[in-house]
Structure formats: structure tokens, C-alpha cells
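Have the sequence and the model open side by side as you read.

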Amino acid sequence: MRIVFVLSMAVGCGFDGPGTAVRATLADGQTLAGEVNTEFLKLESGMGTLDVPLDDVGEVLPIESEDLEGAHGHVRVWLRNGSELVGRWAEPELEVGILVGQRVIPVDLPMNDLERFQTQAEPLYSKGTVFRVRTTTGDDFLVDG
């Protein structure tokens, strides 16, 4: 059985931070949708440790496992501009605020059970010249010219 929870969000009701609309799928089939108050995804990659703004992330999937725990934190991150980064999600935390009555309650997602993480934003493609860079560690990203 698949359970879907919709996390009602209200920035004006005490939710601190910018909030990014997201959808998270857990190993037990639950799908959580709402807003996340986490600002950055810290990715340890072949290019060093990157603080990727959550607003730039389109989707995150574990590599070679169905959940983040089985993948030992190794993920493939697709950015909204079409870039793809590969590495280990260091300090994987996502704080979600859920509206209960008139209060927003912060809830930490069970990251070990995370199977798929998506933001609910539109793509951000460049209108100018773009250069594609592929690294030997599996990154495939776009750089504005």
C-alpha cells in the first residue's frame, strides 16, 4: 500500500526560512510533499565539498541502491539547469515544516529511508552560451559562457 502525506506549509504561520517545495519518497512507499527549510545540500565530490543551494536542485537519487542508507550516502544530483553531479551527500538532513492547526511543526525526514527527492520547481536553463564539462568522477555540468 502506498501512503501519500501532503505537508501543508505556511510561511506566514511561523515557518522560518525561504522554504523549497519538495517531494520525498521513502523506502516504505510513503510520499511526503511540502516545503523544506534546509538551504544547502552538502555534496562531497571529485571537485571537493560543494554546498549546492537546494533551490538549484531538481532531483536526488541514491546510487547503486534503492535508499540512501544502502548507497552509503552516494547520490546522483540533477540540477534544475540540466547539470548532473555525483558524490556523497555529507550530513544528509532535510527539515520539513508541517502545518498542524495554526502552528508549523518542524519534522526531520528519515534520511536513511530516502529513495527519491525532488523539488517542485521549473527548470532553469541558460539563455546564453553554455559550455558542458564532464569529469572523470561522473559529473556532467553546464557552465554559462
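## A hairpin and its turn

Strand 7 and strand 8 make a hairpin with four residues between them, and G82 in the turn has a positive phi of about 100 degrees. This is a predicted model, where local features need pLDDT of at least 70, side-chain atom pairs count only at pLDDT 80 or more, and totals for chains, interfaces and linings use all residues. Residues are numbered from 1 along each chain as its sequence is written, and side-chain values use heavy atoms, with hydrogens and water left out.

G82 sits in the loop between strand 7 and strand 8. With a relative accessible area of 43%, G82 is partly exposed (buried is under 20%, exposed over 50%, partly exposed in between, using a 1.4 Å probe and protein chains only). Leaving out residues up to four places away in sequence, G82 touches Y125, D140 and L142 (contact means heavy atoms within 4.5 Å). The C-alpha atoms of G82 and S126 are 9.6 Å apart, although 44 residues separate the two along the chain.

## The chain as a whole

The chain has 13 strands and zero helices (both are DSSP runs numbered from the N terminus: H or I of at least four residues for helices, E of at least two for strands). Of its 145 residues, 39% are buried. Among contacts between residues at least 6 apart in sequence, 53% join residues at least 24 apart.

## Who pairs with whom

Strand 7 (residues 74-79) is joined to strand 6 by five bridges, running antiparallel (two strands pair if DSSP finds at least two bridges between them). Strand 7 also pairs with strand 8 in the antiparallel sense, again over five bridges. Strand 6 has another antiparallel partner in strand 11 (residues 114-119), over two bridges, and strand 8 is joined to strand 4 by three bridges, also antiparallel.

E59 has W78 as its bridge partner in strand 7 and stands opposite Q118 in strand 11. R88 in strand 8 is the bridge partner of H74, and E44 stands opposite R88 too.

## What is tucked away

Strand 6 (residues 57-62) has five of its six residues buried, so it is largely enclosed by the rest of the structure. Strand 8 is mostly covered as well, with six of its seven residues buried.

The largest nonpolar core holds 24 residues, and V60, V77, W89, L94, L114 and F117 have the most contacts inside it (such a core is a set of buried Ala, Val, Leu, Ile, Met, Phe, Trp, Tyr and Cys residues joined through side-chain atoms within 4.5 Å). Elements giving two or more residues to this core include strand 6, strand 7, strand 8 and strand 11. Skipping neighbours within four places in sequence, W89 is in contact with residues including L41, V60, V75, L94 and L114.

## The largest pocket

How big is the largest pocket? Its volume is about 170 Å³. Of the 13 residues that line it, T38, E91, E93, L94 and E95 are the closest to its centre. Strand 4 (40-45) and strand 8 (84-90) are the elements that give two or more residues to the lining. The lining divides into six nonpolar, one polar and six charged residues (Ala, Val, Leu, Ile, Met, Phe, Trp, Tyr, Cys and Pro count as nonpolar, Asp, Glu, Lys and Arg as charged, and the others, Gly among them, as polar).

A pocket here is an open set of points on a 1 Å grid over the protein atoms alone, where a 1.4 Å probe fits, with protein on both sides within 12 Å along at least five of seven lines; lining residues have an atom within 4 Å of a point. Points are joined across faces, edges and corners, and the volume is the space filled by probe spheres set on them.
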